[in-house]
Amino acid sequence: MLLEDQRFIHEDLERLEQGVSDRVLDDPRHIRDRLNRDHQISGFLDRIQQQSKRLLDIYNDTEGLRAKEIQSISTGDPFDEFYKQLNEIKDFHRRYPNEPVENLERAYKRKAPGEGESATAEIDNLFTGEEAYGRFLDLTTLHEDYLNLPGVQSRRITYLQYLNVFDQFAPPHCPIKRPEKTTDQYFTYVGRLADYLEGFLRRTRPLDDLDKMFTSFDSDFDKAWKAKEVPGWGKESQTVGPAAPVTEGTGEGTWCPDCAKEFKNDNVYKSHLSGKKHVKAAENRAAKAPVTNGSAKSEFGGASAAKDLKERAIAEREYRVRKLASTMETVRSDTRVNVERKQGMTERERQQELDALFADSIEPSLRPSGADDESDSSGDEKIYNPLKLPLAWDGKPIPYWLYKLHGLGVEFPCEICGNFVYMGRRAFDKHFNEARHIYGLKCLGITNTTLFREITGIEDALKLWDKMTRDKKKEKSGGENVVQMEDAEGNVMPEKVYYDLQKQGLL
């Protein structure tokens, strides 16, 4: 019954549009609820596309079944066709008595909290605890893989440093050389890094047109690869045939093409020819030398083509990682701040923060009956803070010993910043490089801000700037007005030096 399928699809599309509009109007506070809403809308949009394609196929009616069904209904006795279809429906339900009936009204309706299974259970499985529902990156496993790559063992970096350089694949940030990048281990690592960043973007931005963005990445890479503009994958200088003994290096000594080394002394060069290192290097160079027969040439060309194909695949993954990292620059900076913050926390504080994150996202109806009353009473209760201590991440005052340790009770006013008061020496030292202080100096006409550290008064800053300006002018004018004297031998010197030497009888 194609007409019934057609009506069902139309109803399904209308219910889907209503479900999308209901969720768009909703504005959840917690990030988990927002992600759940976006993923639901993304699923509804995918189903709208599928159902629209089915409906379009029915309207096209390439096999003529729809026209045949319309003709059977419009011609003859309508009751005969009606009872015929009714008997088919009864026969179907007689054979399948427990067949569930899909209720479209409830299928796409937004469920109230506590009605059935939790709607955010699927979101909980998408992210790890370190990712905090898409707020931060979790590259700990990839950091371990990076440390085990060939060429990195001698230069181990911390996880915080890795967050700064994981998208840098060219020297000096990346210690891995180009021949080492063609290994299977590096190829797997770059592929896993690109897949993680792409999956993270899909999980956190389900409503964005990511396929279009990834396609643009591929087209940009193809253009850059053809132009040899991919960082770290430019043209390599290749030598054809053996190198001449005296034209390599500085040209002053004897060059050994096998060892790629220059020897100043001929005796040293001759003695090293019998060494194990030279013999091994000569064998390796002979194995890599170009062959002359046709079959060997074809094998060499096939190996070179396979190498180029692998290099292109690795470069494409590096380019994609670079583009994805630039797209998620905000998340990357938030991750660095979060890692630095967690390094100063104890294990108990980390666990408390994780519990607080999950507790905030629990739906109200799933909490215990007395939890709402307790939360209301705790929210109304005023926090006891007679010393006016700063609040920590949990909303409670920091310990007094930590307050004294960082000197947060000491006030440092700055007249250049508009009499702004900085609490603690650390904040005071940090503010000299901030925009507020630099803008205040520029308003005073001071351009060289690096020399005015620890100066907070407007009068002191102006005096120092005037003194620097006068000294600079004096030095410039003094250099221009120096009188030059010349002795009998033609030596030119300043006037003061000339008279001093004359008094000493040296001229």
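How far is the sulfur of Cys417 from the closest cysteine sulfur? The distance is 3.5 Å, to the sulfur of Cys414, which is too far for a bond. This is a predicted model, where local features need pLDDT of at least 70, side-chain atom pairs count only at pLDDT 80 or more, and totals for chains, interfaces and linings use all residues. Residues are numbered from 1 along each chain as its sequence is written, and side-chain values use heavy atoms, leaving out hydrogens and water.

**Cysteines**
- With a disulfide taken as a pair of cysteine sulfur atoms within 2.5 Å, the count comes to zero.
- Cys417 is buried, at a relative accessible area of 8% (buried is under 20%, exposed over 50%, partly exposed in between; 1.4 Å probe, protein chains only).
- Cys259 is partly exposed at 23%, and its sulfur lies 3.8 Å from that of Cys256, the closest cysteine sulfur, too far for a bond.

**Helix 15**
- Helices here are DSSP runs of H or I with at least four residues, numbered from the N terminus.
- Helix 15 (residues 329-343) has 15 residues and should span 21 Å at 1.5 Å a residue, which agrees with its end C-alpha atoms being 21 Å apart; the expected span is 1.5 Å times one less than the number of residues.
- Val331, Arg332, Thr335, Asn338, Val339 and Lys342 are buried in helix 15. They cover an arc of only 125 degrees around the axis, so they sit on the same side of the helix; the arc is that of the directions from the helix axis to the C-beta atoms.
- Thr330 and Val337 are exposed on the other side of helix 15.

**Helix 4**
- Tyr83 belongs to helix 4 (residues 78-95) and counts as partly exposed, at 46% relative accessibility.

Notes
Helices (H or I, at least four residues) and strands (E, at least two) are DSSP runs, numbered from the N terminus.
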